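Hello,

Here is the structure I promised to pass on. Please open it first, then read my notes beside it.

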Amino acid sequence: MIKEILPNVIPAMLTVAFTLLALLIAAEAGLAFLGLSVERPATWGKMIFNGTNDLEKAWWATMFPVMMVVVTSIALNLIADELARRFD
């Protein structure tokens, strides 16, 4: 039974896992921006929040963490799409 079911379930599980990982990263960044995240020294959300104070002088302190959250989420979604295409 495992030899029949597992090969058909693994592609779907991998696709869902990569999509949820992208969602988790974005959610953690949002919660850290609001101050509701785990106390860690540096997260992208805290970097974004700390950069909003000096947005006029140092816009890059906010924009680079935002771009990294977006790029990472898009990359993980593209990986999930490619895995779904390869296994179908």
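**What I found**

M13 lies in helix α1. Keep in mind that this is a predicted model.

Is M13 buried or exposed? M13 counts as exposed, because its relative accessibility is 53% and the cut-off for exposed is over 50%. Now look along the chain from M13 to A32. These two are 19 residues apart in sequence, and their C-alpha atoms are separated by 28 Å.

T15 is also found in helix α1. T15 has a relative accessibility of 18%. Buried means under 20%, so T15 counts as buried. Which residues does T15 touch, leaving aside its neighbours within four places in sequence? They are A80, L83 and A84.

**How α1 meets α2**

Next, find the two helices that pack together. Helix α1 covers residues 2–34, and helix α2 covers residues 44–51. Their axes are 7 Å apart, at an angle of about 40°. That angle makes α1 oblique to α2. The crossing of the two helices is right-handed.

Which residues make this contact? On the α1 side they are I25, A29, A32 and F33. On the α2 side they are W44, G45, K46, I48 and F49. Sorted by class, the contact of α1 with α2 has 7 nonpolar residues, 1 polar residue and 1 charged residue. K46 is the charged one, because Lys is in the charged class.

Which residues of α2 are buried? They are G45, K46, I48 and G51. The buried residues of α2 pack against α1 and α3.

**The salt bridges**

How many salt bridges are there? The count comes to 3. Take them one by one.

K46 forms a salt bridge with E39. The closest N and O atoms of this pair are 3.8 Å apart. The cut-off for a salt bridge is within 4 Å, so the pair counts. The two partners sit in contrasting surroundings. K46 is buried, whereas E39 counts as exposed, at 69% relative accessibility.

Now move to helix α3, which covers residues 60–87. Here the side chains of E82 and R85 meet in a salt bridge. The N to O distance is 3.2 Å. Why can these two be partners along one helix? E82 and R85 are 3 residues apart in α3, so about one helical turn separates them. An α-helix has 3.6 residues a turn, so residues three or four places apart point the same way.

How exposed are the two partners? E82 is partly exposed, with a relative accessible area of 33%. R85 is exposed, with a relative accessible area of 57%.

E82 has another partner, R86. The closest N and O atoms of R86 and E82 are 3.1 Å apart, and the pair forms a salt bridge. R86 and E82 are 4 residues apart in helix α3, so about one helical turn lies between them as well. R86 counts as exposed, at 66% relative accessibility. Salt bridges that share partners join E82, R85 and R86 into one network.

Find E82 in the viewer, and you can trace both of its bridges from there, to R85 and to R86.

Best wishes

Key. Residues numbered from 1 in each chain as written. Predicted model: local features only at pLDDT ≥ 70, side-chain atom pairs only at ≥ 80, totals over all residues. Heavy atoms only, no water. Buried < 20%, exposed > 50% of the residue type's maximum accessible area, 1.4 Å probe, protein only. Axes fitted to C-alpha atoms, helices over the stretch in contact; angles between N-to-C directions. Parallel < 35°, antiparallel > 145°, perpendicular 65-115°, else oblique. Left-handed = near helix turned anticlockwise from the far one by under 90°. Contact = heavy atoms within 4.5 Å.
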